[in-house]
Amino acid sequence: MLSNMRDIIHMGPPSLSPDIDDHDDLAHLHAAIAEARAAELAGEVPIGAVVVYQDQIIARGQNRVLRDHDPTAHAEIVALRQAARHFANYRLPQDAAGCTLYVTLEPCAMCAGAILHARVARLVYAAPDPKAGACGSVLSVINHPQLNHRVEVASGLLAEECGALLTAFFRSRR
């Protein structure tokens with residue numbers, strides 16, 4: 001069962017990889033799922049994200065492309081914009097703690113590029129995206145060898161729950 005296991009992909013020097021804490025990861029992914037459910041209630045594709053720094057949620061995002069008439073208003077972008085405002089810098093802190101982005105679905109190429117530019121230290125996503133995932137499912141934008149920033153990536157935690165949320169949403173639209 002995917003919700004009880006996780007695929008961990010460590011990229012970059014091991015000294016940059018913070019310890020994995022299942023309890024914290026679960027709590028933060030549940031916060032991202034709450035954002036996804038709020039997006040669904042607003043008629044959006046149910047994808048949610050949160051940015052965590054020093055074990056505190058500093059930013060939240062949910063898909064807003066329909067509400068904002070903005071093709072870039074993916075949950076990750078919304079959360080990264082809020083985090084950048086929090087720090088008054090588009091580059092998130094590079095200290096030992098770094099920022100972790102939790103998201104319910106594997107980021108697309110646009111979001112993966114934003115994650116790299118923002119200098120996110122760690123990415124935790126639940127479900128893979130076999131149609132547009134840019135963290136290895138379709139493309140490998142995150143941790144591409146020609147790029148200079150590395151992100152620790154963890155995936156698969158709560159994948160079944162997040163995948164079911166998306167499946168139910170699209171079934172209801174057919």
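Predicted model: local features only at pLDDT ≥ 70, side-chain atom pairs only at ≥ 80, totals over all residues.
Q: How does Phe-170 count at 38% relative accessibility?
A: Phe-170 counts as partly exposed at that 38% relative accessibility, where buried means under 20% relative accessible area, exposed over 50% and partly exposed in between, with a 1.4 Å probe and protein chains only.

Q: OK, what's the overall layout along the sequence?
A: The protein chain has five helices and six strands (DSSP runs numbered from the N terminus, H or I of at least four residues for helices and E of at least two for strands), and reading along the sequence gives the pattern β-α-β-β-α-α-β-α-β-β-α.

Q: And how much of the chain counts as buried?
A: Of the 174 residues in the protein chain, 47% count as buried.

Q: How many residues of strand 4 are buried?
A: In strand 4, which covers residues 99-105, seven of the seven residues are buried, so the strand is largely enclosed by the rest of the structure.

Q: Which way does strand 2 run against strand 4?
A: Strand 2 (residues 48-53) and strand 4 run antiparallel and are joined by five bridges, pairing being called if DSSP finds at least two bridges between two strands. Within that pairing, Val-50 stands opposite Tyr-102 of strand 4.

Q: What about strand 4 and strand 5, parallel or antiparallel?
A: Strand 4 pairs with strand 5 (residues 122-127) in the parallel sense, over five bridges, and Thr-100 has Arg-122 in strand 5 as its bridge partner.

Q: Switching to rings: how many aromatic pairs does a search of the whole structure find?
A: A search of the whole structure finds two aromatic pairs. In the pair of Tyr-53 and Phe-87, the ring centres are 5.2 Å apart and the planes stand at 85°, so this pair is edge-to-face. The pair ties together parts that are 34 residues apart in sequence, because Tyr-53 lies in strand 2 and Phe-87 in helix 3 (residues 75-87).

Q: What cut-offs sit behind the pairing?
A: Rings of Phe, Tyr and Trp (its six-membered ring) pair if their centres lie within 6.5 Å, and planes under 30 degrees apart count as stacked, over 60 as edge-to-face and the rest as tilted.

Q: Last one, where does Ala-164 lie?
A: Ala-164 lies in helix 5 and counts as partly exposed at 44% relative accessibility. Its C-alpha atom is separated by 9.5 Å from that of Ala-127, although Ala-164 and Ala-127 are 37 residues apart along the chain.

Technical notes. Residues numbered from 1 in each chain as written. Heavy atoms only, no water.
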